Amino acid sequence: MDYIYFLANASLTLRVIEYLQRKYDSSSCSMTVIHQINGWIIKIKFRRPLTPQQHGDFKAFMNELGIPYELEIRLQMVFWSLETGQSPIDVMSRYQVAIVSHGSPDSNDIEAFRQQFTRGLGYCPETLA
């Protein structure tokens, strides 16, 4: 099952990663994180179906942090390209998106992106807070 959400900032994205690492085995899910000017789009894919209780708990947690997101066609193509094994760098070039992380949920990817982006700008935009 795939869960796609829009989150307002990096802190919320990090909270999702912490939750996944605390509640689930790291090999049980994958996560793709895309940064946009106005926020973050995350896609979480569980390798096995969640129980009805896990599904409800997970959706409740995610709905507290963000909103379910309907992908526009360009982002559908981004996710499809990644799922078919194309390189994130190739996908970023082709579709002009910032793929921050793809694979096992990893907070280091988010932190590194946030630091590099902020260093380049000289200030921290709201979406990176």
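Tutor: Let us begin with terms: a residue is buried under 20% relative accessible area, exposed over 50%, and partly exposed in between (1.4 Å probe, protein chains only). Helices (H or I, at least four residues) and strands (E, at least two) are DSSP runs, numbered from the N terminus. This is a predicted model, in which local features need pLDDT of at least 70, side-chain atom pairs count only at pLDDT 80 or more, and totals for chains, interfaces and linings use all residues. Residues are numbered from 1 along each chain as its sequence is written, and side-chain values use heavy atoms, with hydrogens and water left out.

Student: Which residues of helix 2 are buried?

Tutor: An α-helix has 3.6 residues a turn, so residues three or four places apart point the same way. In helix 2, the buried residues are Phe58, Phe61, Met62 and Leu65. These residues lie on the same side of helix 2 because they cover an arc of only 95 degrees around the axis, the arc being that of the directions from the helix axis to the C-beta atoms.

Student: Which residues are exposed on the other side of helix 2?

Tutor: Pro52, Gln53 and Glu64 are exposed there.

Student: What do the buried residues of helix 2 pack against?

Tutor: Contact means heavy atoms within 4.5 Å. The packing partners of these buried residues are strand 1 (2–7), helix 1 (10–23) and strand 3 (39–46).

Student: How many helices and strands are there in the protein chain?

Tutor: The protein chain has five helices and five strands, in the order β-α-β-β-α-β-α-α-β-α from the N terminus on. Of its 129 residues, 43% count as buried.
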